[in-house]
Amino acid sequence: MKNVIITGVSGGIGKAVAMRLLAGGSSVIGMDRVFDDEILEAARRFPEQLFLREADLMDAASLPGLVADLAAEYGPVGGFVHCAGFDKMAPLHLTKTEDIENLWRLHALAPMVMIGAISKKKNHEDGTAIVLISSQSAHEGAMGHTAYAAAKGAIEGYLAPAAAELMEKGIRINEVCFGPVRTPMASGWMEKLTEDGLRKLTESYPLGIGEPEDAAGLICFLLSKEARWINGQIITADGGHAVRKV
Ligand SMILES: NC(=O)c1ccc[n+]([C@@H]2O[C@H](COP(=O)([O-])OP(=O)(O)OC[C@H]3O[C@@H](n4cnc5c(N)ncnc54)[C@H](O)[C@@H]3O)[C@@H](O)[C@H]2O)c1
């Protein structure tokens with residue numbers, strides 16, 4: 001694939017997706033607020049395939065211009081995976097308005113605006129595909145995750161009408177809904193659990209806590225031509241959590 005935009009490319013899932021695509025010969029436009037040593041090293045290793053663009057995605061008004069700049073610099077966008085994100089846990093009565101807004105901005109507003117800009121071009125190359133990442137926390141009682149889960153719910157509601165419109169332009173869009181994946185984001189809240197809490201959490205995932213590679217495998221499949229018949233779907237990968245014996 002050509003010019004797959006990956007936001008949050010320095011993060012756990014974003015980096016794993018980027019590395020898998022690069023190994024398969026795709027070119028990647030990696031975006032993040034800061035680039036870590038691993039991704040900078042990858043950019044040196046794949047100078048013709050990995051292009052890095054520093055950007056803070058919280059300013060939605062700047063995003064259409066940013067997408068247009070990327071297309072002008074590297075050529076048409078051939079894919080988009082939105083991996084930038086953060087979580088902010090708090091009980092309802094302590095949840096700050098500012099945090100609700102910021103979670104909405106990054107998890108929902110930013111990808112919606114970027115996809116709008118990507119879809120501006122009338123005819124897309126065969127195989128253009130988009131993957132957004134939702135979370136199991138939007139589907140069960142994940143204590144303290146209300147604002148994060150609500151933003152994930154927004155992109156789930158967005159999916160079907162977006163898929164209908166994008167399909168007319170030759171673009172597929174799907175979403176993945178993940179249980180916990182071992183990344184810096186998940187460590188942030190898992191490390192706060194008591195020993196007993198962590199044991200219970202781990203036991204509720206019979207196939208284990210996900211690794212970034214597990215997440216990247218599904219995302220790259222949905223981006224690929226192998227998935228040409230799949231559109232507008234939310235695919236769950238949760239380590240067997242939903243079907244565990246209780
Ligand atoms: N890890 C999990 O357990 C899990 C589960 C379900 C869904 N997800 C979702 O997967 C996606 C990737 O998460 P991850 O676990 O790889 O997280 P991560 O914390 O490892 O990576 C997130 C990346 O986003 C970047 N980022 C944060 N704010 C940004 C901003 N304003 N502009 C640009 N970049 C910004 C960070 O710098 C970081 O590199 C997120 O949407 C997350 O909600 C993660």
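Start with the largest nonpolar core, which has 59 residues. Such a core is a set of buried Ala, Val, Leu, Ile, Met, Phe, Trp, Tyr and Cys residues joined through C-beta atoms within 7 Å. Select I6, V17, A18, V81, V131 and I219, the residues with the most contacts inside this core. Then colour α4, which gives the most to the core, with 9 residues. In soluble globular proteins, nonpolar side chains tend to be buried together.

This is a predicted model: local features need pLDDT of at least 70, side-chain atom pairs count only at pLDDT 80 or more, and totals for chains, interfaces and linings use all residues. Residues are numbered from 1 along each chain as its sequence is written.

**The whole chain.** Zoom out. The protein chain has 8 helices and 7 strands. Helices (H or I, at least four residues) and strands (E, at least two) are DSSP runs, numbered from the N terminus. The C-alpha atoms fill a box of roughly 50 × 35 × 35 Å along the principal axes. Of the 246 residues, 39% count as buried. Buried means 20 or more other C-beta atoms within 10 Å of a residue's own; exposed means 12 or fewer, and partly exposed lies in between, with C-beta atoms placed from the backbone.

**Helix α8.** Select residues 212–223. Is α8 enclosed or open? It is largely enclosed by the rest of the structure, because 9 of its 12 residues are buried. Among them are P212, D214, A215 and I219. For the cover, show elements including β1 (4–7), β4 (79–82), β6 (171–178) and β7 (234–237).

Now pick I219. Beyond four places in sequence, I219 touches V17, V81, V131 and V176. Contact means C-beta atoms, placed from the backbone, within 7 Å.

**I13.** Move to helix α1, where I13 sits. I13 is buried, with 28 other C-beta atoms within 10 Å. Leaving aside neighbours within four places, its contacts include C83, I133, T183, P212 and A216.

**The ligand.** Finish here. Which residues are closest to the ligand? G8, G11, G85, T183 and M185 are the closest of the 27 that surround it. A residue counts as near if its C-beta atom, placed from the backbone, lies within 6 Å. Elements giving two or more residues to this shell are α1 (12–23), α4 (97–118), β5 (128–135) and α6 (184–190). The shell divides into 14 nonpolar, 10 polar and 3 charged residues.

Methods:
Ala, Val, Leu, Ile, Met, Phe, Trp, Tyr, Cys and Pro count as nonpolar, Asp, Glu, Lys and Arg as charged, and the others, Gly among them, as polar. Two residues are in contact if their C-beta atoms, placed from the backbone, lie within 7 Å. The expected span of a helix is 1.5 Å times one less than its number of residues.
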